[in-house]
Amino acid sequence: MPPSESKSERYRNLNQRLDPLLAGETDEIALMATIVSELHHAFADFHWTGFYRVVAPGLLKIGPYQGGHGCLTIPFERGVCGKCAREGRTQLVPDVHALPYHIACSGSTRSEIVVPVRDGRGTVRAVLDIDSDQPAAFDAKDQHALETIVTRLQPAWPG
Ligand code: SME
């Protein structure tokens, strides 16, 4: 992970690594685990990177992740992840302490981004949650890059 790489270069190189790794893969967990592993190790200030899956109407359950343990279930009414799943919109949080509804799985989390993961019909099937111990670690470049990366999961939910 050369420190001199720009954020755009880092995402470009990440996608070049994901292409062969995910080619032809349709298993949801294999896709999620590989994306999370590559994402987490591509950015030094990502200290928690993981998926929460929609396992029942209004309920998220933890999926593949990297970093310290995360809470196992999140109802759509709670947290930044629940808001993302409820609204189907990316949540870009520069300061988690400014959000009374933020669920703190780690005391060191300062900023967060949560991206909805949709199937081919546009239904939200999961969210990708990334926490950083740096304030305002995420911006529009991360949002665009991550919203593109999560489309790699669509083969898991054909039709
Ligand atoms: N911060 C998330 C909870 C998941 S832990 O950060 C891994 C939220 O507020 O929904």
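Start with the largest pocket, which holds about 160 Å³ of space. A pocket here is an open set of points on a 1 Å grid over the protein atoms alone, where a 1.4 Å probe fits, with protein on both sides within 12 Å along at least five of seven lines. The volume is the space filled by probe spheres set on the points, and grid points are joined across faces, edges and corners. This is a predicted model, in which local features need pLDDT of at least 70 and side-chain atom pairs count only at pLDDT 80 or more, while totals for chains, interfaces and linings use all residues. Residues are numbered from 1 along each chain as its sequence is written, and side-chain values use heavy atoms, with hydrogens and water left out.

Now select E5, R10, F43, A44 and D45: of the twelve residues lining the largest pocket, these are the closest to its centre. A lining residue has an atom within 4 Å of a grid point. By class, the pocket lining has six nonpolar, one polar and five charged residues. Ala, Val, Leu, Ile, Met, Phe, Trp, Tyr, Cys and Pro count as nonpolar, Asp, Glu, Lys and Arg as charged, and the others, Gly among them, as polar.

The largest cavity has a volume of about 90 Å³.

Colour β1 (46-56), α3 (79-87) and β6 (124-132), the elements that give two or more residues to the cavity lining. Helices (H or I, at least four residues) and strands (E, at least two) are DSSP runs, numbered from the N terminus. With three residues, α3 gives the most to this lining.

What takes up the space of the largest cavity? Show the ligand: more than half of its atoms lie within 2 Å of the cavity's grid points. The residues around the ligand, with a heavy atom within 4 Å, include W48, Y52, I74 and H102.

Then display the polar contacts (N or O pairs within 3.5 Å). A ligand oxygen is 3.0 Å from a polar backbone atom of V80. Taken alone the ligand exposes 310 Å², and the protein buries 100% of that (Shrake-Rupley, 1.4 Å probe).

Last stop: A136, in the loop between β6 and α4 (140-149). A136 is not a glycine, yet has a positive phi of about 50 degrees. Most residues other than glycine have a negative phi.

Terms used: A polar contact is a pair of N or O atoms within 3.5 Å; within protein, one must be able to donate a hydrogen and the other to accept it, and residues adjacent in sequence count only if both atoms are side-chain atoms.
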